[in-house]
Amino acid sequence: MKITEQIKQPIAYEMELFEQKFLLSMSSKVALLNRITHYIVNRKGKQMRPMFVFLVAKMVDNGQVSERTYRGASVIELIHTATLVHDDVVDDSNRRRGFFSINALWKNKIAVLIGDYLLSKGLLLSIDNNDFDLLKIISVAVREMSEGELLQIEKARQLDITEEVYYDIIRQKTATLIAACCSLGAASVKPNSDHVESMRKFGELIGMAFQIKDDLFDYGNEAIGKPTGIDIKEQKMTLPLIHVLNNCTKKEKSWLINSVKNHNKDKKRVKEVIAFVKANNGLDYAINKMKEFQAEALTILNTYPESQYKTALEIMVNYVIDRKK
């Protein structure tokens, strides 16, 4: 059985019902809108975010979920999808999960409007049901994601970035959404309880480990078989590179910065940067940090009694750092 199927097993019924409710939550009187939202739903990814919502809810409330849990999962998926649609416009990307992106098929103007529509649908789903606590959780996540992206753009221009700033960027850009999924799950069944904050922290730690794993893929992995160097080409500062930059000689540092700034399209130079980062323990350092975040997440999980939902979340935490793509 595939790992994602294993994780999904204890919430298979909820995920099936969620898919129906999610499609309904997107519906509109505009035919073009419905055509595009159907296209989006039929090309869904692994659905890790709603899985977090349901697993956390069932773990903290003895296997129970409520209508609020379904709404929380729908809100997070609506808003996550909106950000992906907008990201593809910003990045001028024509593909998403192996399929054409919305902007590739319907052009930028429609893609931006679709993103806005999905965002408003998510907000209204919470407001119409008085789920103001859930709305606050997701609104904070959206604000942080935007700030994280802008912080990364600002820092990429300078290329002189500390490890602390890097953690701030990935906490806001990536970890905040997974943190929102987990706290939404807890809040949907146990509002105003300590579970909401402990699960938020749990999700944040997984998100940090997840992003570092993504950084490592740029230096090659079993599935790809060779380094991609895409982050270097895009002048993105990732943990392996930051660690080496902050721990090498002045001469090496200026060579690295010059390479990333002015020779990032030169394949041979990018290969040299990758080799230098590997030789100077950049990857080992990042792997250790990733494992620290993973261990911290598992420590929080271990404060909960044994259950199939807790086991599925443990598999999820390990999958985040063991995945091959």
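**Reading ring pairs and helix packing**

Phe 18, Phe 22, Phe 54 and Tyr 70 form one aromatic cluster. The model discussed here is predicted.

Biologist: How is a pair of aromatic rings described, and how many aromatic pairs does a search of the whole structure find?

Modeller: A pair of aromatic rings is described by two quantities, the distance of the centres and the angle of the planes. In this structure the search finds 6 aromatic pairs. One of them joins Phe 18 and Phe 22, which are stacked, with 5.5 Å from centre to centre and 20 degrees between the planes.

Biologist: Where do Phe 18 and Phe 22 lie?

Modeller: Both residues belong to helix α2 (residues 12-26), where they are 4 residues apart, about one turn of the helix.

Biologist: Is Phe 18 buried or exposed, and is Phe 22 buried or exposed?

Modeller: The cut-off for buried is under 20% relative accessible area. Phe 18 has a value of 0% and is therefore buried. Phe 22 has a value of 6%, so Phe 22 is buried as well.

Biologist: Why is the pair of Tyr 167 and Phe 293 edge-to-face?

Modeller: The planes of the two rings stand at 75 degrees, with the centres 5.8 Å apart, so the pair is edge-to-face. Tyr 167 lies in helix α8 (residues 163-189) and Phe 293 in helix α14 (residues 282-301), so this pair ties together parts that are 126 residues apart in sequence. Tyr 167 counts as buried at 7% relative accessibility, and Phe 293 counts as buried at 13%.

Biologist: Which rings have a charged end over them?

Modeller: One is the ring of Tyr 70, where the charged end of Lys 21 sits 5.1 Å from the centre. Tyr 70 is also a member of the aromatic cluster named at the outset. Another is the ring of Phe 210, over which the charged end of Arg 323 sits, 3.9 Å from the centre.

Biologist: How are two packed helices described, and at what angle do the axes of α14 and α15 cross?

Modeller: Two packed helices are described by the angle between their axes and the distance between the axes. Here the axes of α14 and helix α15 (residues 308-322) come within 10 Å and cross at roughly 175 degrees. That angle makes α14 roughly antiparallel to α15.

Biologist: Which residues of α14 and α15 meet?

Modeller: From α14, the residues are Met 290, Lys 291, Gln 294, Ala 297, Leu 298 and Leu 301; from α15, they are Lys 310, Leu 313, Glu 314, Val 317, Asn 318 and Ile 321. By class, this contact has 7 nonpolar, 2 polar and 3 charged residues.

Biologist: What does Gln 294 touch, leaving out residues up to four places away in sequence?

Modeller: Gln 294 touches Ala 209, Val 317, Asn 318 and Ile 321. Gln 294 lies in helix α14 and is buried, with a relative accessible area of 13%.

Biologist: Which residues is Trp 255 in contact with, beyond its neighbours within four places in sequence?

Modeller: The contacts of Trp 255 are Arg 269, Glu 272, Val 273 and Phe 276. Trp 255 is found in helix α12 (residues 250-262), while Glu 272 is found in helix α13 (residues 267-279). Trp 255 is partly exposed, with a relative accessible area of 28%, and Glu 272 is partly exposed at 32%.

Biologist: What separates the C-alpha atoms of Glu 272 and Ser 259?

Modeller: A distance of 9.2 Å separates these C-alpha atoms, and the two residues are 13 residues apart along the chain.

Notes:
Residues are numbered from 1 along each chain as its sequence is written. This is a predicted model: local features need pLDDT of at least 70, side-chain atom pairs count only at pLDDT 80 or more; totals for chains, interfaces and linings use all residues. Side-chain values use heavy atoms; hydrogens and water are left out. Rings of Phe, Tyr and Trp (its six-membered ring) pair if their centres lie within 6.5 Å; planes under 30 degrees apart count as stacked, over 60 as edge-to-face and the rest as tilted. Helices (H or I, at least four residues) and strands (E, at least two) are DSSP runs, numbered from the N terminus. Buried means under 20% relative accessible area, exposed over 50%, partly exposed in between (1.4 Å probe, protein chains only). A charge sits over a ring if NZ of Lys or CZ of Arg is within 6 Å of the ring centre and within 35 degrees of the ring normal. Axes are lines fitted to C-alpha atoms, for helices over the stretch in contact, and angles run from 0 to 180 degrees between N-to-C directions. Angles under 35 degrees count as roughly parallel, over 145 as roughly antiparallel, 65 to 115 as roughly perpendicular and the rest as oblique. Contact means heavy atoms within 4.5 Å. Ala, Val, Leu, Ile, Met, Phe, Trp, Tyr, Cys and Pro count as nonpolar, Asp, Glu, Lys and Arg as charged, and the others, Gly among them, as polar.
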